[in-house]
Amino acid sequence: SFRRVINARNLIQHKLTSIKYKEDNNMSKIVNPTKVITGPQTRWSYANVWDPKSINGGTPKYSVSLIIPKSDTKTVALIKAAIEAAYKEGESKLKGNGKTVPALSAIKTPLRDGDVERPDDPAYANAYFINANSATAPGIVDANCNPILDRSEVYSGVYGRASINLYAFNSNGNRGIACGLNNLQKISDG
């Protein structure tokens with residue numbers, strides 16, 4: 001009886017320690033390999049985060065272009081890894097009715113080079129960018145994780161983190177990897 005109490009107490013203490021360890025090391029563990037939280041120096045451009053906007057007559061969506069400095073090698077590496085994970089996870093979707101899965105290099109991917117695709121825009125200089133969108137409104141918080149309710153606080157040009165997820169698509173003959181928008185955390189004004 002006494003040993004059972006001691007063993008139960010040790011088991012509870014071990015579980016609490018395990019939970020704390022998981023919380024402390026949560027940033028180093030990848031729970032969902034297709035999800036990325038960008039670094040705080042990510043700049044938001046074309047921020048349509050309050051009201052959904054229709055592009056070319058399509059379904060209205062919330063969207064933002066995330067400008068990631070090339071110097072933020074950690075975020076860039078996480079996005080590249082998430083693109084590969086989305087590719088592997090979506091192989092059957094990418095294959096479609098074909099016999100083989102197209103090579104990752106042969107399909108559309110969302111991480112683009114600002115120096116190559118937007119050479120005349122200084123905001124995209126020495127940076128990559130990725131366009132993220134969602135049919136549902138993203139959660140938007142400040143640096144202290146308090147909800148931002150004042151629309152004038154969030155605009156194109158601010159800096160902050162973005163929670164995004166990458167996934168495979170195959171629609172109307174277009175195949176590739178796309179980027180979904182989850183939540184946004186404003187860190188500073190632009």
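Select threonine 42 to begin: leaving out residues up to four places away in sequence, Thr42 touches Leu66, Ile67, Ile68, Val158, Tyr159 and Gly160, where contact means heavy atoms within 4.5 Å. Threonine 42 sits in the loop between E1 and E2. With a relative accessible area of 0%, threonine 42 is buried; the term buried stands for under 20% relative accessible area, exposed for over 50%, and partly exposed for what lies in between (1.4 Å probe, protein chains only).

The model is predicted: local features need pLDDT of at least 70, and side-chain atom pairs count only at pLDDT 80 or more, while totals for chains, interfaces and linings use all residues. Residues are numbered from 1 along each chain as its sequence is written, and side-chain values use heavy atoms, with hydrogens and water left out.

**The whole chain**

Next, colour the chain by secondary structure. The chain has four helices and eight strands, in the order α-β-β-β-α-α-β-α-β-β-β-β; helices (H or I, at least four residues) and strands (E, at least two) are DSSP runs, numbered from the N terminus. Of the 190 residues, 31% are buried. Among contacts between residues at least 6 apart in sequence, 66% join residues at least 24 apart.

Select residues 73-89, helix H2. The expected span of a helix is 1.5 Å times one less than its number of residues; for the 17 residues of H2 this gives 24 Å, which agrees with the 24 Å between its end C-alpha atoms. Display the buried residues of H2: Thr75, Val76, Ile79, Ala82, Ile83, Ala85, Ala86 and Tyr87. Their cover includes strand E1 (35-37), E3, helix H3 (91-95), E5, E7 and E8.

Now select Leu66, Ile79, Ile130, Ile164, Leu166 and Ile177, which touch the most other members of the largest nonpolar core, a group of 29 residues. A nonpolar core is a set of buried Ala, Val, Leu, Ile, Met, Phe, Trp, Tyr and Cys residues joined through side-chain atoms within 4.5 Å. At least two residues of this core come from each of E2, E3, H2, E5, E7 and E8, and H2 gives the most, with six residues. Centre the view on isoleucine 164: beyond four places in sequence, the contacts of Ile164 include Val36, Leu66, Ile79, Ile130 and Cys179.

Move to serine 45 in strand E2. Serine 45 counts as buried, at 12% relative accessibility. Apart from neighbours within four places in sequence, serine 45 is in contact with Val64, Ser65, Ile67, Tyr124 and Ser156.

Then select phenylalanine 169 in strand E7. Phenylalanine 169 is partly exposed, with a relative accessible area of 21%. Leaving out residues up to four places away in sequence, phenylalanine 169 touches Lys93, Leu94, Asn174, Arg175, Gly176, Ile177 and Ala178. The C-alpha atoms of phenylalanine 169 and alanine 86 are 9.6 Å apart, although 83 residues separate the two along the chain.

**The largest pocket**

Finally, select Ile55, Lys61, Asn131, Asn133 and Ala178, which are the closest to the centre of the largest pocket among its 28 lining residues. The largest pocket holds about 910 Å³ of space. On a 1 Å grid over the protein atoms alone, a pocket is an open set of points where a 1.4 Å probe fits, with protein on both sides within 12 Å along at least five of seven lines; lining residues have an atom within 4 Å of a point. Grid points are joined across faces, edges and corners, and a volume is the space filled by probe spheres set on the points. E3 gives the most to the lining, with five residues.
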